[in-house]
Amino acid sequence: MKLTKKSGITLISASVLAGALAFFGESVVAKETAIVTTEEVKKEVKKEIKEEAAQKNELENVEIKETSGPKYIFAFVGDGMSYVQVNSAQVYNGTRDYKDEVSLTELNFTQFPITGNMYTQDATSFSPDSASTATSMLTGEKTHSGVIGLGIDKTTILETFPEMLKEDGYKIGIVSTVTLNHATPAASYAHTESRNNYYDIAIQMAYSNFDYFAGGELSEADGDGTQKNAYKVMEDKGYDIVNTKEGFNEIKNGDKVYAISPDADGAMPYSLDEKSDAITLADFVEKGIEVLDNEDKGFFMWIESGKIDWAGHANDAMANIHDTIAFDEAVEEAISFYNKHPEDTLIIVTGDHETGGMTIGQASTGYNTAFNLLDNQKVSYDKFEDIFAEFKSNNPQATFDDVLDLIKENFGLVPEENANCASDEALVLSDYEYNKLFNAFEESMKPRVAETEENDILYGGYDPLTVTLTHILNAKAGIGWTSYSHTGVPVPVYAIGNNAEIFSGSYDNTELFDKLASLYLAE
Ligand SMILES: [Zn+2]
């Protein structure tokens, strides 16, 4: 990044002006895309976007290199991934690699040369959701929480960055560990008032004409039961639907395909629960490169790790960290590609918002952490809920003592009387923790958890025993949680490659689109 010699005040006011313009929807995109019906009008809109984006970059005193824009763009989004999620993965790896030393083991993407800071609030909340934030990142406009690809009036269709690129001849790949009609992937191709319109979104996916979809399944593929199955609609639109490992291996360059994880149950499993021969997020990115690679225009990939967010909602640090590490391994595939095409490739890694109000350091451990204790957790909260549900159905009269083996096996935690069985003395439950867990177990054994304010705060709608187990183990490790929802913590942006410099600095999430658009349209 090259800053001019202008004063800091000029820089700030310029940035504020750009942000204000975006916030009040003064950009031409929102006004014009509502009436986009012909190619001609679309061209005109693109020209105006280019001018606007160029103007913003000028205002921010960031110089776009005189080279053409990147031919290959990878945009990775860790859903619910902010600074703490990233650093927790690094602390976890560092604790494992350096034992008693206090050292981080850095992820691949945190070593990128450019870092930015992105604000995430949407038009209606400082604690936004994935629908509005992904819409902002891909269209440059603010909208309501829950809205996908529509403006603040919930009517104006906002053309997305990948839609623009598709029209211009680029190949487009959309990858997610969750369902492909879930908010973050959907924001690349769909326009709908509610993120919950899953069937409608799936049909828009079929009509997107994007080249490669991969990861999880579709939610509500049968619609209301009378509608045509969405997978069939995808096939009608020319997509091969592949959901076996053999089929996956046969996918080749130029295929128009929707590759589904054979292990998906809606979403792909948590990395922590994955079988050793599973098709991983990294595999789907590697395959995406193979499918989309072309000498002509190039490609754009929008890749989401969606369950970092889900583990954040459930306050499960171990699942959170392992999905962040798997996300980093997926980024590594893009880095290998970048190393072959450094001049033509841009990689961006960011989050859409923070989830869970996660902290490193919490009340009962003060200045200490012990991330090594997390390794005693063998399965995600999600899998443990299944294990515990089976236990309950087999032992409807079970007492707390009956479940202690299951707890030790999956979380390493033991009561005081079994202290000699603990693999680490830190895993012995204090009286306070024991009582908390006992009460949670009692609540879990009831046919339904009582809807009280206290239960809402203690358990957040999750199985009381399971969420209390992750709370206790996480607290012992030195990890705190303040919410079962999203928070307003800004997110980091990491960038490497062609014109990566312009992603430096602090900016609103709408400016991610502005920056991307300025590159593409600068060609
Ligand atoms: Zn979420």
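This is a short chat about a predicted protein model.

Me: What should I know before I start, and how are residues numbered?
Reply: Residues are numbered from 1 along each chain as its sequence is written. The model is predicted, so local features need pLDDT of at least 70, side-chain atom pairs count only at pLDDT 80 or more, and totals for chains, interfaces and linings use all residues.

Me: How many helices and strands does the protein have?
Reply: There are 19 helices and 14 strands. Both are DSSP runs numbered from the N terminus: helices are H or I with at least four residues, strands are E with at least two.

Me: What share of the residues is buried?
Reply: Of the 523 residues, 51% are buried. Buried means that 20 or more other C-beta atoms lie within 10 Å of the residue's own; exposed means 12 or fewer, partly exposed is in between, and C-beta atoms are placed from the backbone.

Me: And the contacts? What percentage comes from residues 24 or more positions apart?
Reply: Among contacts with a separation of 6 or more, 73% are between residues 24 or more positions apart. Two residues are in contact if their C-beta atoms, placed from the backbone, lie within 7 Å.

Me: Let's go to strand β4. Which way do its residues point?
Reply: β4 covers residues 212-215. Tyr 212 and Ala 214 point one way, Phe 213 and Gly 215 the other way. All are buried.

Me: Which strand does β4 run parallel to, β3 or β6?
Reply: Both. Strand β3 (residues 171-176) is joined to β4 by four bridges, and the two run parallel. β4 also pairs with β6 (residues 257-260) in the parallel sense, over four bridges. Strands count as paired if DSSP finds at least two bridges between them.

Me: Which residues stand opposite each other there?
Reply: Gly 173 stands opposite Tyr 212 in β4. Gly 215 stands opposite Ile 260 in β6.

Me: What does Gly 169 touch?
Reply: Leaving aside neighbours within four places in sequence, Gly 169 is in contact with Asp 296 and Lys 297. Asp 296 is 127 residues away in sequence but 8.3 Å away in space, C-alpha to C-alpha.

Me: Switching topic. How many residues are in the largest nonpolar core?
Reply: It has 135 residues. Those with the most contacts inside it include Phe 76, Ala 202 and Leu 413. Helix α13 (residues 317-340) gives the most to this core, with eleven residues. A nonpolar core is a set of buried Ala, Val, Leu, Ile, Met, Phe, Trp, Tyr and Cys residues joined through C-beta atoms within 7 Å.

Me: Which residues does Phe 76 contact?
Reply: Beyond neighbours within four places in sequence, they are Ile 303, Phe 327, Ala 330, Val 331, Ile 348 and Val 349.

Me: Last one, helix α14. Which residues are buried?
Reply: Tyr 381, Asp 382, Phe 384 and Phe 388 are buried. They lie on the same side of α14 because they cover an arc of only 155° around the axis. That arc is taken from the directions from the helix axis to the C-beta atoms.

Me: What do the buried residues pack against, and what is on the other face?
Reply: The buried residues of α14 pack against α13, α15 (400-411) and α18 (464-477). The face turned away from the buried side carries the exposed residues Glu 390, Ser 393 and Asn 394.
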